[in-house]
Amino acid sequence: MTSPEDTTPDDQAHVILLSGFLGAGKTTLLKEILSWHTDLSDTVVIVNEFGEVGIDGALLKDAATDVIEMTSGCICCTLKTGLTLCLRDLWDRFHPRRIFIESSGVADPAAVREVLNQEQLREIMVLEKIVTVLDADFWEAREAFGPLFHNQLEAAHLILLNKIDLLDEDQIPQYLQELHESIPNCQVVPTQHCRIDPEALWLKPKPKVFGIMPMRFYQLRPQADTASTGGGGAVAAGGGVVAEEAGFKAFSFESEQPFNVDCFEQFLAQVPFALFRIKGPVRYADKTVLLNYVGGQAAFKDWDGEQGTRLAFIGWGVESDEIMPRLQRCLVGE
């Protein structure tokens, strides 16, 4: 199961941790990932249930990969030793290239990092990314959930602000802004039913900054009293807009003229958080590069295809006429 960002050495397995509070949508995300048209023959899924009865494993029974359930405890406490032994056994028997761990809703991602940092595992596995699913309704009530809720979000490289169809349209850009302000260096993408662009998952994360003051996290409060309207749109698994009435907007920009590097980088630094996806080749005077921008972070790689700029944008409630004039000003000669 390879991806464009698959750079881990052959003698190591990628580990992707799916975190999030109870009921946020972790299993929905895992089912979404496993539905993508990709080779799963070298992928293993570990599902951790806090109770004694396994539910998520049954929900994933049709997955084209091995699913292992760990029940009767949490991998961050009573099952920590069991997780270590399970991962070591998986490596010895199968040498998987990728391992998804769906943690219990009461698990702290720091404990999984600790497990993978043990001497017997750190040479054969690497924690590639932590993805935390956040039920959008939970964000407003975050003070009620305490430090565990905070830790799950702070640890994330990618946060999915899920179930946005249950929010008022004014709340979505507000919540995106608050998340970026309280949890720096994190990608944040709004979703319905955890439907994301696969490349948003594979994009190599930037180093995390830990130790954020919880007071800053908790003191952010909604600035308006809003009510849920329950929108009805959806986004396709590949990132395409299915229904604009949900508030998602898709538009594009094309030009054969090169961009001024400094101006374009400043443009990216000032992109509104509600514009969470930009992808495509970007032409400069001396080269063309491929831009992959997800939830506030941009990555570039070499591009040897067509030498013009061809950018696709996806956002929530963002109009193209707010963005295009700023892009036009970055073209050399404009």
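1. Strand S6 (residues 158–162) and S7 run parallel and are joined by four bridges; two strands count as paired if DSSP finds at least two bridges between them. Across this pairing, Leu-160 stands opposite Val-189 in S7. Helices (H or I, at least four residues) and strands (E, at least two) are DSSP runs, numbered from the N terminus.

2. A word on the basis: this is a predicted model, in which local features need pLDDT of at least 70 and side-chain atom pairs count only at pLDDT 80 or more, while totals for chains, interfaces and linings use all residues. Residues are numbered from 1 along each chain as its sequence is written, and side-chain values use heavy atoms, with hydrogens and water left out.

3. Together with helix H8 (residues 171–182), S6 and S7 make a right-handed β-α-β unit (with the strands pointing away from the viewer, the path from the first strand over the helix to the second runs clockwise).

4. From strand S7 (residues 187–190), Gln-187 and Val-189 point one way, Val-188 and Pro-190 the other way, and all are buried (under 20% relative accessible area; exposed is over 50%, partly exposed in between; 1.4 Å probe, protein chains only).

5. One disulfide turns up in a search of the whole structure (a pair of cysteine sulfur atoms within 2.5 Å). Cys-263 and Cys-330 form this disulfide, with sulfur atoms 2.2 Å apart. Cys-263 sits in helix H11 (residues 261–269) and Cys-330 in the segment after helix H12 (320–328), 67 residues apart.
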